Amino acid sequence: MALRFLSFRMYQICNARIVSPICLLQSHHSFTTQVETLTKKENIDAKDNGLYKILANDMSVYNDFLTEEEENSLLQEAELALKRLRYETSHWDNAIHGYRETEKMSWNEQNSKIIQRVRHLAFSKRSSPLTFVHILDLAKDGFIKPHVDAVRFCGDTIAGMCLLSSCVMRLALEKDSTKYGDIYLPRRCLYIMKGRARYEFTHEVLKSEESKFKQQIVPRDRRISVICRNEPDPEKIE
């Protein structure tokens with residue numbers, strides 16, 4: 001299994017493993033977001049009931065977390081940060097194909113508010129968000145192989161916003177990859193991975209030709225993820 005985090009510097013912040021499905025949530029576009037938990041089975045494809053319960057508890061998706069205006073605002077800054085970078089066909093650990101990536105610490109006022117909203121929802125008051133935000137640009141034909149982010153370099157929560165395209169994320173038990181679930185991540189959503197989903201499952205983004213959810217094709221296009229993580233838990237570091 002590939003061990004990676006999505007940039008060389010990010011490798012110093014995270015490493016890799018897998019993940020499974022999720023409970024679907026909806027949010028209003030305000031800092032003090034009111035969230036209604038919708039355990040919508042149509043958004044989770046996990047045939048094992050025990051697996052479903054784990055993922056419904058530890059993997060959350062906020063549909064329409066971003067407005068179109070907010071998505072465009074994030075894209076403008078992300079594009080500027082990425083413009084001098086070329087798409088890579090493979091990574092040193094062979095875990096990701098067809099991608100560009102970078103990290104960004106400073107954002108404009110509007111986007112800083114969005115990042116803060118993510119952190120407010122995703123991280124507990126006891127945890128400290130990493131200063132740098134990870135930007136991953138995955139080409140239409142790009143994909144990410146199963147991986148788990150290393151506990152040495154990032155903490156118990158991973159929160160990512162999906163720009164430009166929907167996709168299917170597969171989460172599988174690290175110790176038994178035959179047990180997995182698929183999550184539909186719609187464009188402009190926010191997903192939050194924590195707990196057992198974070199530590200016991202690998203996660204991957206399915207290839208364009210494999211991008212199906214409950215046998216329905218989910219069209220894949222170029223996709224940019226804006227990802228926040230928190231500081232490592234010293235108790236998890238050996």
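This is a predicted model: local features need pLDDT of at least 70, side-chain atom pairs count only at pLDDT 80 or more; totals for chains, interfaces and linings use all residues.
Biologist: Nice. What happens at the start of H4?

Modeller: There, Asn108 has a side-chain oxygen within 3.2 Å of the backbone nitrogen of Gln110.

Biologist: Which residues of H4 are buried?

Modeller: Asn111, Ile114, Ile115, Arg117, Val118, Arg119 and Ala122.

Biologist: And what covers them?

Modeller: The cover includes one helix, H3 (68-82), along with strands S6 (133-147), S7 (157-163), S10 (190-194) and S14 (223-229).

Biologist: Let's stay with H3. How do the axes of H3 and H4 cross?

Modeller: They come within 10 Å and cross at roughly 110°. Angles of 65 to 115 degrees count as roughly perpendicular, so H3 is roughly perpendicular to H4.

Biologist: Which residues meet there?

Modeller: On the H3 side you have Glu69, Glu70, Ser73, Leu74 and Glu77. They meet Gln110, Asn111, Ile114 and Arg117 of H4.

Biologist: And by class, what does the contact of H3 with H4 have?

Modeller: Four charged, three polar and two nonpolar residues.

Biologist: Changing topic: where does Lys212 lie?

Modeller: Lys212 lies in strand S12, residues 212-213.

Biologist: Why does Lys212 count as partly exposed?

Modeller: Because its relative accessibility is 39%, and partly exposed runs between the 20% limit for buried and the 50% limit for exposed.

Biologist: What is Lys212 in contact with, beyond its neighbours within four places in sequence?

Modeller: Val168, Asp182, Leu206, Ile217 and Val218. Take Asp182: Lys212 and Asp182 are 30 residues apart in sequence, and their C-alpha atoms are 8.9 Å apart in space.

Biologist: What does Asn230 touch, not counting residues up to four places away in sequence?

Modeller: Asn230 touches Phe123, Ser127, Ser128, Pro129 and Leu130, and also Cys154, Gly155, Asp156 and Thr157.

Biologist: Which backbone nitrogen lies 3.4 Å from a polar atom of the side chain of Asn230?

Modeller: That's the backbone nitrogen of Thr157.

Terms used
Residues are numbered from 1 along each chain as its sequence is written. Side-chain values use heavy atoms; hydrogens and water are left out. Buried means under 20% relative accessible area, exposed over 50%, partly exposed in between (1.4 Å probe, protein chains only). Helices (H or I, at least four residues) and strands (E, at least two) are DSSP runs, numbered from the N terminus. Contact means heavy atoms within 4.5 Å. A polar contact is a pair of N or O atoms within 3.5 Å; within protein, one must be able to donate a hydrogen and the other to accept it, and residues adjacent in sequence count only if both atoms are side-chain atoms. Axes are lines fitted to C-alpha atoms, for helices over the stretch in contact, and angles run from 0 to 180 degrees between N-to-C directions. Angles under 35 degrees count as roughly parallel, over 145 as roughly antiparallel, 65 to 115 as roughly perpendicular and the rest as oblique. Ala, Val, Leu, Ile, Met, Phe, Trp, Tyr, Cys and Pro count as nonpolar, Asp, Glu, Lys and Arg as charged, and the others, Gly among them, as polar.
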